[in-house]
Amino acid sequence: MPPPFAARAWFLITYTANAALCPFLNLFFLSAGVSKRRVGALAAVRPLVAAAAGNAWSLAADARGAHRPIFLTCYVAAGFAKYGLQAAAKAGFGALLVAVLAVEILSAPVNVLADACAIAASPRGARDYGKTRLWGAIGWGLGAPLGGWAVGAYGLPAAFAGSAA
């Protein structure tokens, strides 16, 4: 169980990085030559896949008592998969669809398991969870305008660089 500071830092850093990229994914797809209809399909499938995968990963973590290995593996693999979207987009829509599905499947358990960790790390459990989780909102609030500025100044690749940073 990490101390509350570690959980708060994780939420701050992770949500700052996510806010630098996530709002720009549909624009990235369009800039890669994906049709508006297919961008809509990608946008529609992402939360459906994430919901199913998040539940499946969480059940697996609970059944095997493997919360930490699943969390760490998925967190790192999802980061690489997000960065791989750029290469997949150059290979065509099929490759991009597979990459988007991989990102969603790998990202899905991260927040669920992080939330459970944050509750466990909070001195008073669920009653202090909001104080820990607040740092995710602060991170998003920092990352979104910085990501918007960077994309405006340097183009869409800056969103990927911001997310990786």
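Contact here means heavy atoms within 4.5 Å, and helices (H or I, at least four residues) are DSSP runs numbered from the N terminus, as are strands (E, at least two). The structure is a predicted model, in which local features need pLDDT of at least 70 and side-chain atom pairs count only at pLDDT 80 or more, while totals for chains, interfaces and linings use all residues. Residues are numbered from 1 along each chain as its sequence is written, and side-chain values use heavy atoms, with hydrogens and water left out.

**View A. Packing of helix H3 (36-64) against helix H5 (93-121).** The axes of H3 and H5 lie 7 Å apart at an angle of about 40°; axes are lines fitted to C-alpha atoms, for helices over the stretch in contact, and angles run from 0 to 180 degrees between N-to-C directions. H3 is therefore oblique to H5, given that angles under 35 degrees count as roughly parallel, over 145 as roughly antiparallel, 65 to 115 as roughly perpendicular and the rest as oblique. H3 contributes residues including Arg-38, Leu-42, Arg-46, Trp-57 and Ala-61, which meet H5 residues including Phe-93, Leu-97, Glu-104, Pro-109 and Leu-113. By class, the contact of H3 with H5 has 17 nonpolar, two polar and three charged residues, where Ala, Val, Leu, Ile, Met, Phe, Trp, Tyr, Cys and Pro count as nonpolar, Asp, Glu, Lys and Arg as charged, and the others, Gly among them, as polar.

**View B. Crossing of H5 with helix H6 (residues 126-154).** The two axes come within 8 Å and cross at roughly 120°, so H5 and H6 are oblique to each other. Their crossing is right-handed. Asp-115, Ala-118 and Ile-119 of H5 form the contact with Ala-126, Tyr-129, Thr-132 and Arg-133 of H6. These residues divide into four nonpolar, one polar and two charged.

View C. Not counting residues up to four places away in sequence, Tyr-129 touches Asp-115, Ala-118, Ile-119 and Ser-122. Ile-13 lies 116 residues from Tyr-129 in sequence, and their C-alpha atoms are 17 Å apart.

**View D. Helix H1 (residues 4-21) beside helix H4 (residues 67-91).** The axes of H1 and H4 come within 13 Å and cross at roughly 25°; the two helices are therefore roughly parallel to each other. This crossing is left-handed. Trp-10, Thr-14, Asn-18 and Leu-21 in H1 meet Phe-71, Tyr-75 and Lys-82 in H4. Four of the contact residues are nonpolar, two polar and one charged.

**View E. The largest pocket and its lining.** The largest pocket holds about 630 Å³ of space. On a 1 Å grid over the protein atoms alone, a pocket is an open set of points where a 1.4 Å probe fits, with protein on both sides within 12 Å along at least five of seven lines; lining residues have an atom within 4 Å of a point. Of the 27 lining residues, Thr-14, Asn-18, Ala-78, Lys-82 and Ser-107 lie nearest the pocket centre. H1, H3, H4, H5 and helix H7 (157-164) each give two or more residues to the lining. The lining comprises 18 nonpolar, six polar and three charged residues.

How values were computed. Left-handed = near helix turned anticlockwise from the far one by under 90°. Points joined across faces, edges and corners; volume = space filled by probe spheres on them.
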